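User: I am new to this structure and would like to go through it with you. Could you show it first?
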Amino acid sequence: MNNTIQQYIKSNLDKLNKVEEIPLLEYASWPKSHHQFDFQSLNALKAALAAQRPLLLRGEPGTGKSQLARAAAVALNRLFVYEVVNAHTESQDLLWRFDAVGRLAEAQTLQGHNCTPEQLKKTLDTKRYISPGPLWWSLSYESAEKVYRDSQYQLIQPEKPANWQAGQGSVLLIDEIDKANAELPNGLLEIMGNNAVSIPWLKTTIGGNNTVPPLVIITTNEERELPAAFVRRCLVLQVELPRAEGALIDCLVERAELHFSGKCSKNVRQTAAEQLIKDRQRAKEIGVTMPGQAEYLDMIRALSVLGTSETEQLDMLQAIHQFALCKYPTMLDYDDE
């Protein structure tokens, strides 16, 4: 890595030393929000930047793992690229997707048009059927943009931040990687180690020592165990809600104020947090997934709309909490005992 890139990474570390809370504007499917950095997550981000290793975020759903990646991109003024993994996602999909069906259909259409070999070769050029994936965008925005612009198979193009240039790097979020089979994380090992990948369609390699390494953030909800070799190549942050009841209530009340300032009183937010703790305990005893911060914030969002006074909101809390927090029939049966 050259000195210019090293200095840039150091400047990123300085930015993280100064950030505490950051507003997040609406972006693609991401709603407008706020993010409050904590000491532990900031240190994890700085360690990942300095070590040039992916940061694996482990924890239950709804604890803000994905939002941390988005907030890091905004704080560092980096390009934000993300992929939500599903059971059908393959490691190649993170690099590019190829529309083989579309190319075959066009070839069949051209068969009866007396096209010259040159016309067929140009029309069926494989580069016309490629859509760059998130890894390609994060490693080399310029080459991905050119291929995207010339292709008829256009899936995603990340939105560039204001005043962003390609040399400023990116934050790549690979969300819910535990939903994929083991081939996907294992397929990332070489790329993660080399900061580069060969693109056969262009007969070139993108990334490398002269490219700012993307800050790769990977989340898992622990639905499936990840390969040990993959975990060893990552730094790992366990994202958890506070375990002590008092600390958990304080944390939730503060988060709700951050997201819904002035829309619900502290008493409403605290009563809702106490209800969450009761329902978490019920879920734990029954053996189902416990409601968390996401469900709590959904409930506060509903209360802020359904009631205009504290009394109305407290009444509505009793009426609706089961819809937000008791998502399994056994939890409702437990209530009746």
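User: Which residue forms a salt bridge with Arg-269?
Analyst: Arg-269 pairs with Glu-257, and their closest N and O atoms are 3.2 Å apart. A salt bridge here is a side-chain nitrogen of Lys or Arg within 4 Å of a carboxyl oxygen of Asp or Glu. The model is a predicted one, in which local features need pLDDT of at least 70 and side-chain atom pairs count only at pLDDT 80 or more, while totals for chains, interfaces and linings use all residues. Residues are numbered from 1 along each chain as its sequence is written, and side-chain values use heavy atoms, with hydrogens and water left out.

User: Where do the two residues lie?
Analyst: Arg-269 is in helix H12 and Glu-257 in helix H11 (residues 245–259), so the pair links distant parts of the chain, 12 residues apart. Helices (H or I, at least four residues) and strands (E, at least two) are DSSP runs, numbered from the N terminus.

User: Is Arg-269 buried or exposed?
Analyst: Arg-269 is buried, at a relative accessible area of 9%, whereas Glu-257 is partly exposed at 30%. Buried means under 20% relative accessible area, exposed over 50%, and partly exposed in between (1.4 Å probe, protein chains only).

User: How many salt bridges does the whole structure have?
Analyst: A search finds 11. One of them joins Arg-280 and Glu-60, with the closest N and O atoms 3.1 Å apart. Arg-280 lies in helix H12 (residues 266–286) and Glu-60 in the loop between strand E3 (55–58) and helix H3 (65–76), so this pair ties together parts 220 residues apart in sequence. Arg-280 is buried, with a relative accessible area of 11%, and Glu-60 is partly exposed at 25%.

User: Let us change topic. Which residues of helix H7 are buried?
Analyst: In H7 (residues 141–150), they are Tyr-141, Ala-144, Val-147 and Tyr-148. These four are on the same side of H7, because they cover an arc of only 135° around the axis; the arc is that of the directions from the helix axis to the C-beta atoms.

User: Why would residues some places apart point the same way?
Analyst: An α-helix has 3.6 residues a turn, so residues three or four places apart point the same way.

User: And what is on the other side of H7?
Analyst: Glu-142 and Arg-149 are exposed there.

User: Finally, what about the chain overall?
Analyst: The chain has 15 helices and 11 strands. Buried residues make up 45% of its 337 residues. Its C-alpha atoms fill a box of roughly 75 × 55 × 40 Å, taken along the principal axes.
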